[in-house]
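Student: Could we go through this structure together? I am new to it and would like to begin with its charged side chains.

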Amino acid sequence: MNRYMLPDLPYDFSALEPHISGKVMQLHHGKHHAVYVKNANSVLDQLDEARQKDDFARLAALERALAFNLSGHILHSIFWRNLTPKGGETPEGDLHTAIQKDFGGFDRFRKQLTEVAATIMGSGWAAMVWEPIGKRLLITQIYDHQSNLAQAGVPLMVIDAWEHAYYLQYENRKTEFFEAVWNLWNWKDISARYAAAIQLKLDLGKAA
Ligand SMILES: [Fe+2]
């Protein structure tokens with residue numbers, strides 16, 4: 001069976017300083033993300049065992065655990081690659097055009113995404129997703145790693161708004177963290193995700 005794996009960061013732990021400290025990155029990647037990977041694999045093993053024993057008593061709990069841990073793994077993997085030490089500024093080309101069209105300009109887009117991160121109650125993420133039915137970019141507020149989502153949206157750009165993402169460095173000043181990540185966006189990575197996502201075709205007839 002394919003196992004999920006913790007991906008290496010595409011830069012050193014301290015490369016995103018001063019915006020994100022090396023210590024935060026080390027703990028976030030090596031402890032938090034690693035646990036989601038471990039747990040996602042463990043749930044797959046438990047599902048395998050349940051099928052073999054024909055014992056589905058814990059199925060609902062296992063499905064919930066799979067959604068939580070696998071989504072955590074996917075979002076963190078995207079987040080690391082969304083960031084770069086030489087990031088920031090604004091996107092160019094087709095992504096720039098799409099942001100203009102769907103959000104009325106980059107500044108409005110930036111404000112909405114930051115506000116969505118700042119207004120999460122509890123743990124969650126702010127995400128820009130490609131919505132393939134309406135063929136538009138949307139901003140989504142995700143609870144935990146997996147709730148409050150419209151199905152089929154493809155995450156392109158995500159902000160981790162869990163306390164473990166910032167508390168050690170920013171304490172309760174989480175808005176400072178959400179502003180700081182705008183110095184780190186890897187628009188090349190986000191644009192490549194956009195270019196790939198717009199190829200997705202769901203056959204739903206005239207659904208939009
Ligand atoms: Fe996280």
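**Salt bridges and a helix contact**

Tutor: Arg136 is partly exposed, at a relative accessible area of 38%; buried means under 20%, exposed over 50% and partly exposed in between, with a 1.4 Å probe and protein chains only. Please note that this is a predicted model, in which local features need pLDDT of at least 70 and side-chain atom pairs count only at pLDDT 80 or more, while totals for chains, interfaces and linings use all residues. Residues are numbered from 1 along each chain as its sequence is written, and side-chain values use heavy atoms, leaving out hydrogens and water.

Student: Which residue forms a salt bridge with Arg136?

Tutor: The partner is Glu131, and the closest N and O atoms are 3.8 Å apart. A salt bridge is a side-chain nitrogen of Lys or Arg within 4 Å of a carboxyl oxygen of Asp or Glu. Glu131 is buried, with a relative accessible area of 12%.

Student: How many salt bridges does the structure hold?

Tutor: The structure holds 9. One of them pairs Asp45 with Arg3, where the closest N and O atoms are 2.9 Å apart. Asp45 lies in helix H1 (residues 22-53) and Arg3 in the segment before H1, so this pair ties together parts 42 residues apart in sequence. Helices (H or I, at least four residues) are DSSP runs, numbered from the N terminus.

Student: Changing topic, how do H2 and H7 meet?

Tutor: The axes of H2 (residues 59-82) and H7 come within 8 Å and cross at roughly 130 degrees. Axes are lines fitted to C-alpha atoms, for helices over the stretch in contact, and angles run from 0 to 180 degrees between N-to-C directions. The two helices are therefore oblique to each other: under 35 degrees is roughly parallel, over 145 roughly antiparallel, 65 to 115 roughly perpendicular, and the rest oblique.

Student: Which residues make the contact?

Tutor: H2 contributes Ile78, Arg81 and Asn82, and H7 contributes Asp189, Ile190 and Arg193; contact means heavy atoms within 4.5 Å.
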